[in-house]
Amino acid sequence: MKRIVVLAADNAVAGGILSFMDVFSFCNTYWQITHPDADELLFECAVISPNGEPIKSDHNVQLPVVTYDEAEHYLSHADAVVVASATITNRKQFDAYLEEFKPHLQTLRRFAESQKPIAAYCSGTLLLAASGLLDGKKATCEWWLAELFKRSFPRVNLCSEHVVLNDGQFYTAGATTANLSLALLLVQNLVGEQIATQMAKVLLIDPNRTSQQAFMTLDAEPLHKDELVNRIQDWMQLHLKSNLLLDDIADKFAVGKRTLIRRFKKAIDETPASYIQRLRVDEAKRLLETTELAIEQIVVEVGYEDVSSFRKLFIQTTSLSPSAYRQKFNTHDCC
């Protein structure tokens with residue numbers, strides 16, 4: 001039997017923990033059906049809190065945990081440790097949850113010496129990074145917390161375009177339902193690919209869902225405090241169909257080009273030119289989602305002239321072609 005230990009604290013997302021553990025429960029059910037004479041189940045899961053007290057989730061759902069005295073036994077016999085997510089949208093919320101979670105950081109460092117899998121999903125990846133164990137490693141996180149992650153943990157090689165990422169003994173996953181993909185990867189690692197594949201079919205989990213890029217949107221990015229950059233961003237949004245040249249933007253807002261680039265880099269960690277490209281792709285995504293306009297018309301609407309070059313940019317940014325994106329996200333004809 002393989003033992004999975006989930007580390008969490010008050011304000012953890014209950015649904016994330018339960019849906020993650022459900023994957024292993026379904027594995028046990030599948031195993032019982034296909035191996036009726038088996039002596040034991042495939043998995044045992046347990047939740048551990050910092051103090052042995054039940055966890056009160058973000059919606060005041062009380063989650064049972066193993067007692068404080070039992071926790072050491074579970075950890076010493078664990079085959080994988082997983083860091084659960086919490087409701088975190090900004091630095092203040094992260095700091096508050098980290099304070100609750102702190103007793104687990106030493107647990108993670110101690111367990112890392114076993115070289116057994118350590119995993120985290122959604123905002124839990126920030127907690128794992130706070131342990132220092134991801135320094136020098138590749139990791140992913142929920143895409144809309146990528147900026148907070150990068151600024152908080154610059155020693156981690158963040159690759160937030162990935163849904164799930166494995167580097168050595170460490171497994172990280174993106175937002176919310178990515179925890180199901182993470183669970184499948186651990187099932188594959190611990191008991192084999194055949195059962196992981198079967199669970200993907202039973203639970204309708206797409207095993208080929210590898211990129212978060214198609215889900216990324218500028219609307220959900222964190223706010224910054226540079227008023228000049230805010231005004232320029234708003235102006236760019238209104239003039240997407242125009243030929244937006246850096247010299248013209250600098251003149252329009254009475255600022256030097258170098259200053260303009262520096263302010264953008266400091267505020268949103270990218271150049272004005274790359275932001276304009278993302279803005280145009282984001283608008284194209286909106287039009288693909290909400291209209292039946294041909295791609296040639298959409299390209300003109302977002303300020304491009306060459307369909308081929310925009311298609312390449314769109315694929316590079318979203319990992320999908322415009323037609324594949326429309327098929328995935330335009331739900332007007334789904335009923």
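**Close-up views of a predicted model**

**View 1. Helix α3 meets helix α4.** Helix α3 (residues 91–101) packs against helix α4 (residues 103–112) at an angle of about 65 degrees, and their axes lie 5 Å apart. α3 is therefore roughly perpendicular to α4; that label covers 65 to 115 degrees, while angles under 35 count as roughly parallel, over 145 as roughly antiparallel, and the rest as oblique. L98, E99, E100 and F101 of α3 touch P103, H104, L105 and L108 of α4. Contact means heavy atoms within 4.5 Å. The residues of this contact divide into five nonpolar, one polar and two charged. (Ala, Val, Leu, Ile, Met, Phe, Trp, Tyr, Cys and Pro count as nonpolar; Asp, Glu, Lys and Arg as charged; the others, Gly among them, as polar.) Axes are lines fitted to C-alpha atoms, for helices over the stretch in contact, and angles run from 0 to 180 degrees between N-to-C directions.

This is a predicted model: local features need pLDDT of at least 70, side-chain atom pairs count only at pLDDT 80 or more, and totals for chains, interfaces and linings use all residues. Residues are numbered from 1 along each chain as its sequence is written, and side-chain values use heavy atoms, without hydrogens and water.

**View 2. A six-stranded open sheet.** The strand order is β2-β1-β5-β6-β10-β9, with mixed pairing. β2 (43–48) and β9 are the edge strands, each pairing on one side only. From one strand to the next, the twist averages 20 degrees. Strands (E, at least two residues) and helices (H or I, at least four) are DSSP runs, numbered from the N terminus.

**View 3. Strand β5 beside strand β6.** β5 (residues 80–83) and β6 (residues 118–121) run parallel, joined by three bridges. V82 has A119 of β6 as its bridge partner. Two strands pair if DSSP finds at least two bridges between them.

**View 4. Helices across the sheet.** Helix α1 (residues 14–34) lies across β1 (2–7), β2, β5 and β6, and runs at about 160 degrees to β2. α4 also lies across β1, β2, β5 and β6, but runs at about 150 degrees to β5.

**View 5. The lining of the second largest pocket.** Of the 18 lining residues, S181, L184, L185, Q188 and P207 are the closest to the pocket centre. β9 (164–167), α7 (178–191) and α8 (193–202) each supply at least two lining residues. α8 gives the most, with five. A pocket is an open set of points on a 1 Å grid over the protein atoms alone, where a 1.4 Å probe fits, with protein on both sides within 12 Å along at least five of seven lines; lining residues have an atom within 4 Å of a point.
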